[in-house]
There are 2 protein chains.
Amino acid sequence: MSETGIKADWIAVDWGTSNLRCYAMSRSGTVLAQASSPKGMGQLAREDFEPALLELIGPWLAGPTDVIACGMVGSRQGWVEAPYSTAPCPVLPDQVVMPPCDDPRLKVRVISGVQQIKPNHDVMRGEETQIAGFLSLNKDWDGVVCLPGTHTKWVHISANEIISFRTFMTGEMFNLLSQNSVLKHSVGGAGWDDLAFAEGLELAMSRPETLAANLFSIRAADLLTDQTPHQARAKLSGLLIGAELAASKPYWLGQNVCVLGADGLSKIYTDALQAQAVPVTQTDGTRMTLAGLTAAHAHVKETV
Amino acid sequence: MSETGIKADWIAVDWGTSNLRCYAMSRSGTVLAQASSPKGMGQLAREDFEPALLELIGPWLAGPTDVIACGMVGSRQGWVEAPYSTAPCPVLPDQVVMPPCDDPRLKVRVISGVQQIKPNHDVMRGEETQIAGFLSLNKDWDGVVCLPGTHTKWVHISANEIISFRTFMTGEMFNLLSQNSVLKHSVGGAGWDDLAFAEGLELAMSRPETLAANLFSIRAADLLTDQTPHQARAKLSGLLIGAELAASKPYWLGQNVCVLGADGLSKIYTDALQAQAVPVTQTDGTRMTLAGLTAAHAHVKETV
């Protein structure tokens, strides 16, 4: 997938549980080339990381090259454990961790994640880099960043610090319930129904205590009415996102919110928050990851 | 598994999605023999039902024999569709459905499930028979029956009728989250911790809107504290059952409750309800299934 002939000034790496994504960067911060593989942290032993990386970035190396990586690559099960910063803390850590490399051209640095002890235990790895990217493009922005995904994060930002954050398993719950539970017989395809979503959202936000009961109603409505699979899918999504918005209300109520992530899901969150009269901006996840890795690269050059 | 030499007066059958359980009954209603197989409705095509049944009950047949069956065997994907009664309705239907059988000794009758249209769509198949069993042993009992399981049911009973009911996916959610989600790394074994369960239960009941946030905290607490796998397992169970009790409050508050099901899980529900000062009795699921099939057999003989 790599394009030959291109040499990177430095290399940005987004290395999550399921995927490895690499970007050859110019000195001015533009993307010269990109490559990706399914060699995520989740399936690699410690000795597999360097070969997996070289497979993608080898053609871009002209000599010793900085590689800045974020994500689960820095977890205990990853290439090298990059100890968590503890919130409240600056978005980007002052220290980065360098895994040992056999190839002398590689100067790899892994960005630390963030942990929180109070008011509840929580962890992030990768999202701090996306937030750093957003802040590098929006100086002195204060407010709450919502990062929708498998594990959605809500992060309170003030004065370039992560003040507090909370993780919701909404995306994973949606996948499990729609693919592995009895609801799989009722929820189908990729279709959507705005009205069914709005009904689920409203029900879960106004009566969050009824969630456990409302899920099976999707199955029963399929058996007893002419509910369509895409209505069922949107209803399930509305119920789960509504439950999340009910629980995350202390984060978004009266706040300036930025929804940061992939387009489709971010749009759903943005619309739901705007319906609650919350001022929301929406920004692209991949672009913020790159901006964050760029900010981290500059930061490392200053501090190392 | 069947014992030879025993001839049944009639045969009781509990035929669910995952298992087939058969009982050779005497005229006086005692169990002469029992046999089971994993040939549940979920894996059988229509033509497979009669052979699966004969495999277990064949040795018990001395001539034409009544067979009374309850459960998913009567669903649209089952042996024969036994149309739902519509709540409010008597616990046992006046009509039963007879699937066509090739073996002339078989006189099979399948008990209808119950559907509900208002106030919400819901369905049951099998639980109505267990409730009929409980009522046959507790004449004129009024109150609420809770049947914990993969899909827990709460059923309001008055004057031998099912007034209303509601299904909760609590058991299935517990299985999915503990076995298939990121929590599988934190939740382990079959261990238990009463204090962790109580914490989860209390948190979910007092602040049900925080459920979506509290689930991931189990993972984070595993990464950042010395939380044990059995504490995580009990905490998850407490959160999910707490969410169910918050949602089912209109059913149990100020009511006389019977918890009907398998011993371990029923005990957890019973303890949790008693902690809310609810008067609870607990009764065994298998015994009630047999009592219900016995009541249905007598009912059929009266009405056919």
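The model is predicted, and within it chain A is divided into domain 1, covering residues 1-125, and domain 2, covering residues 168-284. Taken over C-alpha atoms, the centres of domain 1 of chain A and domain 2 of chain A are separated by 33 Å.

Turning to the relation between the chains, chain A is superposed on chain B by a rotation of 180° with a shift of 0.0 Å along the axis, and the RMSD of that superposition is 0.0 Å. Because the copies are related in this way, the arrangement is that of a two-fold axis.

The cysteines come next. A disulfide is a covalent bond between the sulfur atoms of two cysteines. With a cut-off of 2.5 Å between the sulfur atoms, the count over all chains comes to zero disulfides. Cys146(A) illustrates this, since the nearest cysteine sulfur, that of Cys258(A), is 8.8 Å away, and Cys146(A) is in no disulfide. Cys146(A) has a relative accessibility of 0% and therefore counts as buried. In the other chain, Cys146(B) is likewise in no disulfide, the nearest cysteine sulfur being that of Cys258(B) at 8.9 Å, and Cys146(B) is buried as well, with a relative accessible area of 0%.

Asp103(A) lies between strand S7 (96-97) and strand S8 (106-111) of chain A, in the loop that joins them. Is Asp103(A) buried or exposed? Its relative accessible area is 14%, and because buried means under 20%, Asp103(A) is buried. Once its neighbours within four places in sequence are left aside, Asp103(A) is in contact with Glu50(A) and Leu54(A).

Finally, there is the second largest pocket, whose volume is about 1,600 Å³. It is lined by 49 residues, of which Gly16(B), Thr17(B), Met72(B), Glu127(B) and Thr150(B) are the closest to its centre. Elements of both chains supply at least two residues each to this lining, among them helix H5 (211-224) of chain A and, from chain B, strand S1 (10-15), helix H2 (127-137) and helix H3 (170-180). Which element gives the most to the lining of the second largest pocket? That element is H9(B), with four residues, and the helix spans residues 285-303 of chain B.

Conventions:
Residues are numbered from 1 along each chain as its sequence is written. Chains are lettered from A and ligands numbered from 1 in the order in which they are written. This is a predicted model: local features need pLDDT of at least 70, side-chain atom pairs count only at pLDDT 80 or more; totals for chains, interfaces and linings use all residues. Side-chain values use heavy atoms; hydrogens and water are left out. Domain bounds come from an automatic or database domain assignment. Copies are superposed by least squares on the C-alpha atoms of residues with pLDDT of at least 70 in both. Buried means under 20% relative accessible area, exposed over 50%, partly exposed in between (1.4 Å probe, protein chains only). Contact means heavy atoms within 4.5 Å. On a 1 Å grid over the protein atoms alone, a cavity is a set of points where a 1.4 Å probe fits but cannot get out, and a pocket is an open set with protein on both sides within 12 Å along at least five of seven lines; lining residues have an atom within 4 Å of a point. Grid points are joined across faces, edges and corners, and a volume is the space filled by probe spheres set on the points.
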